[in-house]
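Please prepare a short briefing on the model shown here.

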Protein chains: 2
Amino acid sequence: MTERKPRKDAVRNRAAVFTAADTLFARCESPADVTMADIATAAGVGKGTLFRAFGDRSGLIRALYEARLEPVRAAIEEGPPPLGPATPPLQRVPALLDAVLCFKLDNRHLALALEGNGSDSPYRAEHYEQWHTMLRDMLEQIPGLTDSAFTAHALLAAVRADLVEHLAGHKRVPREEMRGHLASFAAKVLGTHPRGD
Amino acid sequence: MTERKPRKDAVRNRAAVFTAADTLFARCESPADVTMADIATAAGVGKGTLFRAFGDRSGLIRALYEARLEPVRAAIEEGPPPLGPATPPLQRVPALLDAVLCFKLDNRHLALALEGNGSDSPYRAEHYEQWHTMLRDMLEQIPGLTDSAFTAHALLAAVRADLVEHLAGHKRVPREEMRGHLASFAAKVLGTHPRGD
DNA sequence: GGGGAAGCGGACCGTGGGTCCGTATCGTAC
DNA sequence: GTACGATACGGACCCACGGTCCGCTTCCCC
């Protein structure tokens, strides 16, 4: 046991910060409007606690994001088709992209907060690396497809949080329409044209 | 004449700020490392002048970016093929994407500064709207292609500054290789597979 | 219930974007 | 050339925000 179990108040406060931050990000227009002090106050906690628990702003956002994302990742890694590992790549790739899109639609502001973090590029985040690796591996199993690594990047770029926000939030594109567009785009890239050529 | 001609010193200072900012952004690792005070000092100018001339940080970056981008836009709007308007869409679209990619490779830090601007989404910038409209119009002329608007967004997302920076700067992918990957990706989307199907 | 570690919290600090206004410079009219 | 109004300059100043620090509290374990 290298891990000592954390104190009760620490756990409670961590949870309080989580829910407070979640609420604030969801409510506010731009993630920049939510300050660390705001979150601390809303959670009924001192700023020090907040920084002690998460390191810095970026760490807090990342922790929150990953907690919310967890179910999706589980569904992909060990869930039933079409997301699960038993699915053949040609269907699993679009399913994965759709799942990511839906997640970002449901957590627009949080995703925006994570990716729009100025200093540190979203591409260095650990979870991006994971998505990319997973997607690239799937693409590599598709015969006749080259440049899997780049293709994976380009496909993921199509579901970037700020693009999703721009289309869904600003241009008011309905959810199902976006999903359709994305599916059709993925089909083009994969060579599985939806309409008989 | 609603415009009064600007004073000589104003023009001189504006130019000085431009070159100073350009140099600083090119030299520094992350755009966040370059402060407004830095730029003012390097240009031999007071901070007030700088803000008077450009409004705010974002305005300065935008002005600089657009000035550097001008030649590219000219080449697309009135230049010779394959960029110019006389080119058929199937060749012009990849040419445009390649031009954007090359521009971002040559102006990595500046593009990064523009797009990674936290508060205001890159999708609300005027120049993005122009790229998107142009690309979408080209796509619409290609028979059998649906969802031109979304496709244009997705293609442009593949040349986002931070992705380019990640691949070129961090992963050390050579320039020609990236251009090749992008061209092949565009070909997939356009349905013009490079290798006989 | 006593001792020590883990955690708390809010006063405090540094930094950087943005403002303000007295002063210098420019353009122009004579 | 000079005088004068308009325009621009510049750096001291302000303030919001991320992040730190340390005396005090709470918890855990014996």
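A polar backbone atom of Asp9(A) lies 3.5 Å from a phosphate oxygen of DNA strand C. This is a predicted model.

**DNA strand C**

- Met36(B) also places a polar backbone atom by a phosphate oxygen of DNA strand C, at 3.0 Å.
- Arg7(B) reaches a base oxygen of DNA strand C with a polar side-chain atom, at a distance of 3.1 Å.
- Two or more residues of this surface come from each of helix H1 (8-27) and helix H3 (47-54) of chain A, and from each of helix H1 (8-27) and helix H3 (47-54) of chain B.
- H3(A) gives the most, with four residues.
- There are 21 residues around DNA strand C, and those that come nearest are Arg7(A), Asn13(A), Gly48(A), Met36(B) and Lys47(B).
- Of the atoms of DNA strand C that come within 4 Å of the protein, 60% belong to sugar and phosphate.
- By class, the surface near DNA strand C has 11 charged, six polar and four nonpolar residues.

**Interface of chain A and chain B**

- Contacts link 31 residues of chain A with 32 residues of chain B.
- About 3200 Å² is buried between the two chains, and carbon and sulfur atoms give 63% of that area.
- On the chain A side, Phe150(A), Phe185(A) and Lys188(A) lose the most area to chain B, and together they make up 21% of what that side buries.
- Two salt bridges are found across this interface.
- Asp162(A) and Arg160(B) form a salt bridge through their side chains, with an N to O distance of 2.7 Å.
- Helix H8 (148-157), helix H9 (161-170) and helix H10 (175-190) of chain A each supply at least two residues of the side that touches chain B.
- H10(A) has the largest share of that side, six residues.
- The side of chain A that touches chain B consists of 12 nonpolar, 11 polar and eight charged residues.

**Glu115(A)**

- Glu115(A) sits in helix H6 (residues 108-115) of chain A.
- Glu115(A) counts as buried because its relative accessibility is 12%, and the cut-off for buried is under 20%.
- The side chains of Glu115(A) and Lys104(A) are joined by a polar contact of 2.5 Å.
- Leaving aside residues up to four places away in sequence, Glu115(A) touches Lys104(A), Pro122(A), Arg160(A) and Ala161(A).
- Asp162(A) is 47 residues from Glu115(A) along the chain, and their C-alpha atoms are 8.0 Å apart.

Key:
Residues numbered from 1 in each chain as written. Chains lettered and ligands numbered in written order. Predicted model: local features only at pLDDT ≥ 70, side-chain atom pairs only at ≥ 80, totals over all residues. Heavy atoms only, no water. Buried < 20%, exposed > 50% of the residue type's maximum accessible area, 1.4 Å probe, protein only. Contact = heavy atoms within 4.5 Å. Polar contact = N/O pair within 3.5 Å; in protein donor to acceptor, adjacent residues only side chain to side chain. Near = heavy atom within 4 Å. Nonpolar A, V, L, I, M, F, W, Y, C, P; charged D, E, K, R; others polar. Buried area = accessible area lost by both parts, 1.4 Å probe. Salt bridge = Lys/Arg side-chain N within 4 Å of Asp/Glu carboxyl O.
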